[in-house]
Every structure is written in C-alpha cells, then in structure tokens.
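Here is a short walk through one protein model.

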Amino acid sequence: LRRRGVLDVAHQADIRALIMEWYDTYSHVLVKYLAKMLNDPYQAEDLMQETFIKAYQYALRDEIQYPKTFLFRIAHHLAIDHVRKQRPLQMIKELVVKDSRPSIETIIEIKEESKELYEAILSLKPAYRQVIILRKIEEFSIKETAMILDWSESKVKSTLFRATRALEKKLIKGGYIHETT
C-alpha cells in the first residue's frame with residue numbers, strides 16, 4: 001500500500017537511475033555552459049551539481065518531458081541567481097577553439113579577435129548576452145532557447161535579431177569590423 005505523499009523505494013530508485021543517466025549525458029555540456037555564463041569553472045561545477053539535485057527533487061514530484069532543456073533552464077536560473085548574489089561577473093571567457101592544431105600565430109590572432117568579440121558580447125545587456133550564448137554559441141533551437149529562458153519563441157527571435165544588431169554596432173564602433181553599405 002502506498003500512502004498519499006510517500007513515494008515507494010522502487011520509484012525513488014528509478015528516479016535516481018534516470019538522473020544518473022541524464023548526468024552522464026548532459027553534465028559536460030551543462031558545466032561548459034555554466035562556465036561560459038560565470039567565467040568560473042569551479043562555480044560552474046558547483047552549480048552543475050546543484051542543477052541535478054534540483055532536477056532530482058522535481059522529478060520525484062512531476063514528469064520531465066524534455067530533460068536537456070529542463071536541465072539548462074535550471075542551470076540558467078541558478079547562474080542568474082548566483083550573479084545577482086555576487087559582484088557582476090564576466091559572462092564569457094572563451095569560445096572553444098577547434099581541435100585542429102593551428103600555428104602559434106593563428107592561435108594569437110584568434111585570441112586577439114576573440115577577446116574583442118567577448119568584450120563586445122559582455123557589454124551587451126543581459127537578455128542579449130543570454131540569447132546570443134544559447135542560440136549562437138550553445139546552438140540551441142529557438143524552441144529550446146524559449147523553454148530555457150521562459151520566453152515565447154517570438155521573443156527569442158526578436159531579441160536575437162536586436163542582439164545581433166547591437167553586437168554588430170559595437171563591433172563597428174570598436175573598429176573590429178567595417179560597416180557594409
């Protein structure tokens with residue numbers, strides 16, 4: 001007999017197994033995302049762990065249909081809460097450089113160009129930074145981004161459009177790209 005509000009041991013074990021499966025599948029991309037948001041790999045690791053704890057607690061009560069977007073949404077909210085509690089932090093440190101072995105000159109050139117791009121992205125307002133990170137860096141779909149940010153799909157589209165325009169203006173103003181006519 002199950003009492004109302006009391007989960008049986010088998011159900012809890014099933015949920016733990018499901019969360020461990022999600023951990024194996026998504027922990028590396030979550031910590032990478034959080035590291036980009038926070039520019040602190042140790043804090044990213046802590047928040048990634050907290051993400052799975054919260055997912056477990058939620059999964060005990062309700063079914064989760066889209067685990068990847070659900071986990072990213074939890075991680076996103078934890079990162080925002082962390083930033084609010086802490087001094088303002090950088091949102092992005094580095095984009096991943098391809099695994100091919102470029103020359104040292106190429107590495108230096110990429111780092112210089114990336115630094116300018118990072119600075120431009122960091123200077124954007126938070127909503128613009130978030131949508132650029134999720135759509136253009138993490139490559140989430142419009143639907144997934146909307147679910148993570150708790151926005152409508154049309155808001156994701158319009159904010160991304162405005163964010164890319166604002167980023168382009170900052171890069172032109174900084175002399176990093178030239179205006180096209």
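A nonpolar core is a set of buried Ala, Val, Leu, Ile, Met, Phe, Trp, Tyr and Cys residues joined through side-chain atoms within 4.5 Å. Keep that in mind. The model is predicted.

First, the fold. The protein has seven helices and zero strands. Along the sequence the pattern reads α-α-α-α-α-α-α. Of its 181 residues, 34% count as buried. Take the contacts between residues at least 6 apart in sequence: 67% of them join residues at least 24 apart. The accessible surface comes to about 12100 Å², and carbon and sulfur atoms account for 51% of it.

Now the inside. In soluble globular proteins, nonpolar side chains tend to be buried together. Here the largest nonpolar core holds 45 residues, and Leu-30, Leu-34, Phe-52 and Ile-132 touch the most other members. Helix 1 (9-38), helix 2 (41-61), helix 3, helix 4 (104-122), helix 5, helix 6 and helix 7 each give two or more residues to this core. Helix 1 gives the most, with ten residues.

Look at Leu-30. Beyond its neighbours within four places in sequence, Leu-30 is in contact with Met-48, Thr-51, Phe-52, Leu-71, Phe-72 and Ala-75.

Which residues of helix 6 are buried? In this helix, residues 142-149, they are Thr-145, Ala-146, Ile-148 and Leu-149. They lie on the same side of helix 6, because they cover an arc of only 165° around the axis. The buried residues of helix 6 pack against helix 3 (67-85), helix 5 (126-137) and helix 7 (153-173). Just after helix 6 comes Asp-150, with a positive phi of about 60°.

Notes: Residues are numbered from 1 along each chain as its sequence is written. This is a predicted model: local features need pLDDT of at least 70, side-chain atom pairs count only at pLDDT 80 or more; totals for chains, interfaces and linings use all residues. Side-chain values use heavy atoms; hydrogens and water are left out. Buried means under 20% relative accessible area, exposed over 50%, partly exposed in between (1.4 Å probe, protein chains only). Helices (H or I, at least four residues) and strands (E, at least two) are DSSP runs, numbered from the N terminus. The arc is that of the directions from the helix axis to the C-beta atoms. Contact means heavy atoms within 4.5 Å. Accessible areas come from the Shrake-Rupley method with a 1.4 Å probe; for residues, only the protein chains shown count as cover.
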